[in-house]
Structure formats: C-alpha cells, structure tokens
Amino acid sequence: GHKGTIFSVAFSPDGSTLASGSGDATVKLWDTASGQPRTTLRGHTAGVRSVAFAPDGLVLASASADTTVKLWNAATHEEMATLRGHAIPVRSVAFSADSKMLATGAGGYYPYHRGEVKLWHVATQQEQMTLNMGTVVVTCGAFSPDGETLAVATEAANVKLLDIVTGQAK
C-alpha cells in the first residue's frame, strides 16, 4: 500500500491495528484481522522513519526526516500536535510505560554529524529535556518498565542507558 520503503511498524496495544511508516511520507493504519488498510495519515513532508503507539492506546507518534514528530489521535486518526524542536532528521519515537513521556531520537549525516534525544511531556507537548549524543546517529530508544531509564541505540554500535531525570549516563 505504500509507495516507498517501509521503515517502521507498530501494533496498537489491543493488536487490532498495525501502523506502518514509509519513505513516501505517510503513515498507514491496517486492520490486522483483514489485512486491509483503514486509513492513511498525511502531514509529514519527508519519509516517516518511526511509529509507536502509546501503551494506553490513545496516541500514535510518527517521526520524520522532515525534523518533526506528529502525535495522532489513535481513535479518530486526527493530528493532535506537531512537535518541533529537532533541527535534524528524527529517526525514533518511544513512549514510557505510563504513556506520559515520549522520547524522540534524531541524527543525521553531513552536514549534521550529530545526534540528540529529546524527552517530551505528551499531554502538554512540551519539551522536557534535550540530551546531546555527540557525533552519533540515534537509531532507536526504549524506556525501562519503571520509566526511570531510557536506553538509546546508535549507529556507532552501542547502547547508552540514560537517567531521564538527570540526563546522565547510568
């Protein structure tokens, strides 16, 4: 159904919907029982590199090479917010287990040569913290079940564990 490479897929918490993010700058939602598309979410201007459902099932996040993250209402499929804060392509999104925080990972090659992670409060869409990752590209992230640690993977073949209160490595 996409017209470009699919970079990311994510199941809704109840398993009834699959989201796919593509290089065609769209997110498609699929009915997992029938395999048929439900809808296409449009709004990004470059490839969608990552998609994730909040554990409570209320919000879908999509990260794009256009440097934005979009939050979508998972029930109505309407855009709720566009998070602007990265100046480089966003490659990953991850929700905390309580659905209150969103981590976004970004990084790029020339002329960027840097990576960063931002933590956002989902309800207010406010940026809480930016973590400079140096010259590495952030590829993905995941919160610990207790929500106190963020694991960040990079193209430099390493994983860093970060305290989300202080931003310091653990």
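Two strands count as paired if DSSP finds at least two bridges between them. Strands themselves are DSSP runs of E with at least two residues, and they are numbered from the N terminus. The structure is a predicted model, in which local features need pLDDT of at least 70, side-chain atom pairs count only at pLDDT 80 or more, and totals for chains, interfaces and linings use all residues. Residues are numbered from 1 along each chain as its sequence is written, and side-chain values use heavy atoms, with hydrogens and water left out.

An open sheet is built from four strands, in the order β9-β10-β11-β12. Its pairing is antiparallel. From one strand to the next, the twist averages 20°. That angle is taken between N-to-C directions of axes, which are lines fitted to C-alpha atoms, and runs from 0 to 180 degrees. The edges are held by β9 (90–95) and β12 (126–132). Each has a single partner strand, so one side of each lacks a neighbour in the sheet.

Strand β10 spans residues 101–108 and is joined to β9 by five bridges. The two run antiparallel. Ala-94 stands opposite Ala-103 in β10. Phe-95 has Leu-102 of β10 as its bridge partner. Five residues lie between the strands in the hairpin of β9 and β10, where Ser-99 takes a positive phi near 70°. Strand β11 (residues 114–121) also pairs with β10 in the antiparallel sense, over eight bridges. Here Ala-103 faces Leu-119 of β11.

Eight of the eight residues of β10 are buried, so the strand is largely enclosed by the rest of the structure. Both of its faces are covered.

Strand β7 (residues 68–73) is mostly covered, with five of its six residues buried. Five bridges link β7 to strand β6 (residues 59–64), and the two run antiparallel. Ala-61 stands opposite Leu-71 of β7. The hairpin of β6 and β7 has three residues between the strands, and Thr-67 takes a positive phi near 80° there. Strand β8 (residues 79–84) pairs with β7 over five bridges, again in the antiparallel sense. The bridge partner of Val-69 in β8 is Leu-83.

Most residues other than glycine have a negative phi, and most peptide bonds are trans. His-77 is not a glycine, yet has a positive phi of about 70°. This residue is found in the hairpin of β7 and β8, which has five residues between the strands. His-77 is partly exposed, at 26% relative accessibility. Ala-157 also shows a positive phi, near 65°. Ala-157 lies in the loop between β14 (149–154) and β15 (159–163). With a relative accessible area of 75%, Ala-157 is exposed.

Side chains of opposite charge can pair when their charged atoms come close. A search of the whole structure finds three salt bridges, each a side-chain nitrogen of Lys or Arg within 4 Å of a carboxyl oxygen of Asp or Glu. Arg-38 pairs with Asp-31, with the closest N and O atoms 2.9 Å apart. Arg-38 is partly exposed, at 39% relative accessible area. Lys-70 meets Glu-79 at 3.2 Å, N to O. Lys-70 is buried, at 5%, whereas Glu-79 is partly exposed, at 38%. Lys-118 and Glu-127 form a salt bridge with their closest N and O atoms 3.2 Å apart. Lys-118 is buried, at 6%, and Glu-127 is partly exposed, at 34%.

Aromatic rings were also examined. Zero aromatic pairs are found in the whole structure (rings of Phe, Tyr and Trp, the last by its six-membered ring, pair if their centres lie within 6.5 Å; planes under 30 degrees apart count as stacked, over 60 as edge-to-face and the rest as tilted). A charge does sit over a ring: Arg-49 lies over the face of Phe-7, at 3.9 Å from the ring centre. This assignment requires NZ of Lys or CZ of Arg within 6 Å of the ring centre and within 35 degrees of the ring normal.

Terms used:
Buried means under 20% relative accessible area, exposed over 50%, partly exposed in between (1.4 Å probe, protein chains only).
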